[in-house]
Amino acid sequence: MFEVVSRPRKRLFLALILSSLLLACLSTYGIWKVSIPGLSNISAYLPFLLGMLLVAVALAITAGVAGIILAIIGWPTLGVFQGLAWSAINLLFPLAIMLGKIFDIEKERIERSFIEVSNHLVKQKRVRVKPEQLLILTPHCIQLDTCPHKITRQIGNCKKCGQCQVGEILTLTESMGVHFAIATGGTLARQVIKQLRPKAVLAIACERDLTSGIQDVFPLPVIGVLNQRPFGPCCNTRVDIAEVKRAIEQFIQV
Ligand code: SF4
């Protein structure tokens, strides 16, 4: 069973985020409007104060979305806009997924588009770290399911037998001097990050894990590389090693 993954497009995520922003602004305005009589009964100033507060929040989120769009089209954006951009993404992402469902757009397609946008934003920042400050993180399913060696706590237990790509990635990361860890889930991944304190992460995973992982560890820069699933999800997954090598080279100082 082979899974064909279409090339993700940034514009799908951007269109959904813009629609979510519009929807959020319209609903907030509607809620504010119907709450005016009740608020006026408490104090004549309350509708105005609440209105100002909601306008300030809406403007901050709009500035965040504008920051993403400007960065995508190549305009330099201030650091404050990047922070706002990520807050806007975190806030609007569930709404974007909901809109996608209404328009019958597969969740994974939206997540792939998000990863593409996120990678683009990270690449634009031109983050460069020393090799020992970069962590390559992959999920456990990249290991051959019948391999008897326990490698999640001790990657050096891999015998590099060639039956899965763990050995290949290990050889690559050793030669480039970067950290390599395998995590069985989000908790272990967070533990590894806490322990190694990398300045950048190259994460290999499926759409769902990359999306939540990238959002979880912000502001740590993460480049996400989607895995390949020739045997279905979570079993003997693979990755394009050339893509991993290219991503490592983009991150490390030479
Ligand atoms: S390459 Fe390493 S992890 Fe993969 S099957 Fe061989 S020993 Fe196990």
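Which residues does the UniProt annotation "transmembrane region" cover? According to that unreviewed entry, the annotation covers residues 12–32, 44–72 and 84–103; such annotations may be inferred rather than shown by experiment, and positions follow the numbering used here, with feature names shortened.

The structure is a predicted model, in which local features need pLDDT of at least 70 and side-chain atom pairs count only at pLDDT 80 or more, while totals for chains, interfaces and linings use all residues. Residues are numbered from 1 along each chain as its sequence is written, and side-chain values use heavy atoms, leaving out hydrogens and water.

The protein chain contains 8 helices and 4 strands (DSSP runs numbered from the N terminus: H or I of at least four residues for helices, E of at least two for strands). Two of the annotated stretches are described below.

Helix α1 (residues 10–42) packs against helix α2 (residues 46–72) at an angle of about 175°, and their axes lie 9 Å apart. Axes are lines fitted to C-alpha atoms, for helices over the stretch in contact, and angles between N-to-C directions run from 0 to 180 degrees. The helices α1 and α2 are therefore roughly antiparallel (over 145 degrees).

Buried residues (under 20% relative accessible area, 1.4 Å probe, protein chains only) account for 43% of the 254 residues in the protein chain. The C-alpha trace spans about 75 × 40 × 35 Å along its principal axes.

Key
Angles under 35 degrees count as roughly parallel, over 145 as roughly antiparallel, 65 to 115 as roughly perpendicular and the rest as oblique. Buried means under 20% relative accessible area, exposed over 50%, partly exposed in between (1.4 Å probe, protein chains only).
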